[in-house]
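Visitor: Please take me through this structure term by term. I would like to hear what each label rests on.

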Amino acid sequence: MDASGQSGATVAESYLEGLISRGIKYVFANAGTDFAPTIEALLKAQETGREVPKFITVPHENVAMAMAHGYYRVSGDAAVVMVHVTPGTANAVCGIMNSSRDDTPILLVAGRTPITESGHPGSRGGVIHWGQEMFDQGSMVRDFVKWDYELRAGQPAEVVVGRALDIAMTDPKGPVYLTLPRETIAELADAFVATPDRPLGATPPAPDMDAIGRAAEMIADAQFPIILTSAGGREAEAFYALSDIAEAYSIPVGQPAMVGANLPSRHPMNFGTMPGDITARADVIVVIDSVVPWNTRAGIKDGAKVIQIAADPFYDRYPLRGFQADMAITASPAKALVALKNALADIMPAKAHRIDARAKDLQVLTEERDDHRAKFLKRAETENPVHPGWIAECVNRIKGEDDIVINELGSIPD
């Protein structure tokens, strides 16, 4: 640090330090003229042996977003995507939309066309710099990110990076957007600000236990309660708690628009991705982290009660969502399901007769489903052109025990 309080490092170096100190291991990047200070910082780190994230060059920004998305789904860690000013951001928009709707934390960092025309080493030097500038670069992604910001001169880059990552990793998780003007990251940085020794993001929201108790009573008093979830089983704790609840109390589970494994495929209460038959019969519906739990045209049974459970049960990032909510509980699915499992254990033994009757009813329904499926496949086998259902059956017959089949279109809640 010199007498002025500056560190001798550039803001670009401080930016990289902010990433590595926050646990970022990978940056998927597609560079442009705005990257020059960052590239210089990477070369300096290589020469000095200082640890920085690994930069992976990706030929297209949408691919880079997909790589960061997949990396989080496998590791549970956030990744950074770094792109070139406005065209790079535009190419990443589809990936931003996907990560937003899939609650995936990605820090999208874009360069910012030089602000000044002259007077600074980072000032504009190419014809394209005028054409690439926007009045509001963040407007391209603002509808789909949790937070967007532009680093300003004099601000500690590592603090801004830390704030971005904390917001991205706080439930409901999602992408954030940060722009870095070339002049700003080329400047000398102030002294580095220490990183807090804690995990990224805030702790997951815990449910109101009184609300959990009321929800448990509603389930216990119901003749035909069901659970609908799209992404409730992403955490192992939630996956096993949901399985235990469904099996112990004969509560069928539907997975409309499934975006993650929520229940074992062979679980006796797994009623698939198109659970219209159980939805139509339900008198209590527990919706766990599902934006679109049923087909609004078909609706639900008159008088049915609906309990919505999610980190954001009203999904305020969606402009319109009018699904019924007689009770809304703010909680991570894992914390809510564990609490609900404990609450049900106290009151469900007294409802053994209802559980037994429901189990018999569901066995009949399962047999009817199996019979319907067998008849459908027999017809579909000889249809011309080939029926998609028969293609699915053929895939099912040849896939291995540990194979995973992914349908990029999701499922349509019927």
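**Labels and their cut-offs**

Guide: S250 is located in the loop between helix 9 (236-249) and strand 10 (253-254). Helices (H or I, at least four residues) and strands (E, at least two) are DSSP runs, numbered from the N terminus. The model is predicted: local features need pLDDT of at least 70, side-chain atom pairs count only at pLDDT 80 or more, and totals for chains, interfaces and linings use all residues. Residues are numbered from 1 along each chain as its sequence is written, and side-chain values use heavy atoms, with hydrogens and water left out.

Visitor: Why does S250 count as buried?

Guide: Buried means under 20% relative accessible area, exposed over 50%, and partly exposed in between (1.4 Å probe, protein chains only). S250 has 8% relative accessibility, so it counts as buried.

Visitor: What is the phi of S250?

Guide: Phi of S250 is near 50°, a positive value in a residue other than glycine. Most residues other than glycine have a negative phi. Y315, not a glycine either, has a positive phi of about 45°. Y315 sits in the loop between strand 12 (305-310) and strand 13, and because its relative accessibility is 8%, it is also called buried.

Visitor: Which peptide bond with P172 is cis?

Guide: The one that joins D171 and P172, where omega is about -10°. P172 lies in the loop between helix 6 (157-168) and strand 7 (176-181). Another cis bond runs from N384 to P385, with omega near 5°; P385 is in the loop between helix 12 and helix 13. Most peptide bonds are trans.

Visitor: What is S332 in contact with?

Guide: Contact means heavy atoms within 4.5 Å. Leaving aside neighbours within four places in sequence, S332 has contacts with D171, P204, P205 and E235. S332 is in the loop between strand 13 (327-330) and helix 11 (333-347), and at 2% relative accessibility it counts as buried.

Visitor: Which residues does R112 touch?

Guide: Not counting residues up to four places away in sequence, R112 touches D34, V85, E133, Q137, E150, T179, L180, P181 and R182. R112 belongs to strand 5 (residues 106-112). R112 has 12% relative accessibility, so it is buried.

Visitor: What makes D102 and R234 a salt bridge?

Guide: A salt bridge is a side-chain nitrogen of Lys or Arg within 4 Å of a carboxyl oxygen of Asp or Glu. For D102 and R234 the N to O distance is 2.2 Å, and the pair is a salt bridge. The pair links distant parts of the chain, 132 residues apart: D102 is in the loop between helix 4 (85-101) and strand 5, and R234 in the loop between strand 9 (225-229) and helix 9. D102 counts as buried at 15% relative accessibility, whereas R234, at 31%, counts as partly exposed.

Visitor: How do you know that E401 forms a salt bridge with R266?

Guide: The closest N and O atoms of E401 and R266 are 3.5 Å apart. E401 lies in the segment after helix 13 and R266 in the loop between strand 10 and helix 10 (276-281), so the pair ties together parts that are 135 residues apart in sequence. E401 has a relative accessible area of 63%, so it is exposed; R266, with 69%, is exposed.

Visitor: How many salt bridges does the structure hold?

Guide: The structure holds 23 salt bridges. E13, E17, K44 and R50 are linked in a network of them.

Visitor: What makes the nonpolar surface patch with V386?

Guide: Patches are made of residues with over 30% relative accessible area and no salt bridge; like charges are joined within 9 Å, nonpolar side chains (Val, Leu, Ile, Met, Phe, Trp, Tyr) within 5 Å. V386, I391, V395 and V405 make a patch of about 320 Å². Accessible areas come from the Shrake-Rupley method with a 1.4 Å probe; for residues, only the protein chains shown count as cover. V386 has a relative accessible area of 48%, so it is partly exposed.
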